[in-house]
Amino acid sequence: MLFERPPVDQYFLKIAGVVAERSTCRRHKVGAVAVKDKFILATGYNGAPAGLKDCLELGCLRENIKSGTRQETCRGVHAEQNAIIQASLHGISLEGSTVYCTHTPCILCAKMLVNAKIERFVSSGEYADNEFRSLFKQAGIKFDYLVDLSWLDHIPDNIHATPEREVTDE
């Protein structure tokens, strides 16, 4: 059997998928990995602020709220936000980096990524908020969406499930 190394983008997206497994969100398992020169700078997953009770323990505040809307009604911190925070806590700049994320960003995360001066954003799943596209274009952030997810076979199905695109067991 011939061993094939995954391309760099797939490799880091796979790592983002593993990071997402730590998520405490009941709706979306999201992971993010900030990388520069093939070196991981920071990771983040979505969940309650450190040390506070999470949605797995308390339940989801967004039970009847459409995905991509009213993001202030959520106890979770997004994966991209947590990656930025982790880098900051450790004195690491994300300027010029690529962020690999299991989902596309909401507009709030996109604004933070612009201010963190990332160069590129790579995703393999979609979030319900597409406003980030015009913001990234204005800021000169390159966006790549990988559609072939066959290399993510080990990751739980619900990682890419959204209300608009449910993954079902067949």
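I worked on a predicted model, in which local features need pLDDT of at least 70 and side-chain atom pairs count only at pLDDT 80 or more, while totals for chains, interfaces and linings use all residues. I numbered residues from 1 along each chain as its sequence is written, and side-chain values use heavy atoms, with hydrogens and water left out.

**Helix 1**

I took helices (H or I, at least four residues) and strands (E, at least two) as DSSP runs numbered from the N terminus. Helix 1 covers residues 8-20, and its 13 residues reach 18 Å from the first C-alpha to the last, close to the expected 18 Å (1.5 Å times one less than the number of residues). I looked up which of its residues are buried (under 20% relative accessible area, with exposed over 50% and partly exposed in between, 1.4 Å probe, protein chains only) and found Asp9, Gln10, Phe12, Leu13, Ala16, Gly17, Val19 and Ala20. These buried residues pack against strand 1 (31-36), strand 2 (39-45), strand 3 (98-101) and strand 4 (120-123), where contact means heavy atoms within 4.5 Å.

**Salt bridges**

I counted four salt bridges (a side-chain nitrogen of Lys or Arg within 4 Å of a carboxyl oxygen of Asp or Glu). Asp144 and Arg120 pair at 2.7 Å, N to O, and this pair links distant parts of the chain, with Asp144 in strand 5 (residues 142-145) and Arg120 in strand 4, 24 residues apart. Asp144 counts as buried at 19% relative accessibility, and Arg120 is buried at 17%. Lys142 also meets Asp144, at 3.8 Å, N to O, and I noted a network of salt bridges that links Asp9, Arg120, Lys142 and Asp144. Glu57 and Lys53 form a salt bridge at 3.9 Å, N to O, and both of these residues are exposed.
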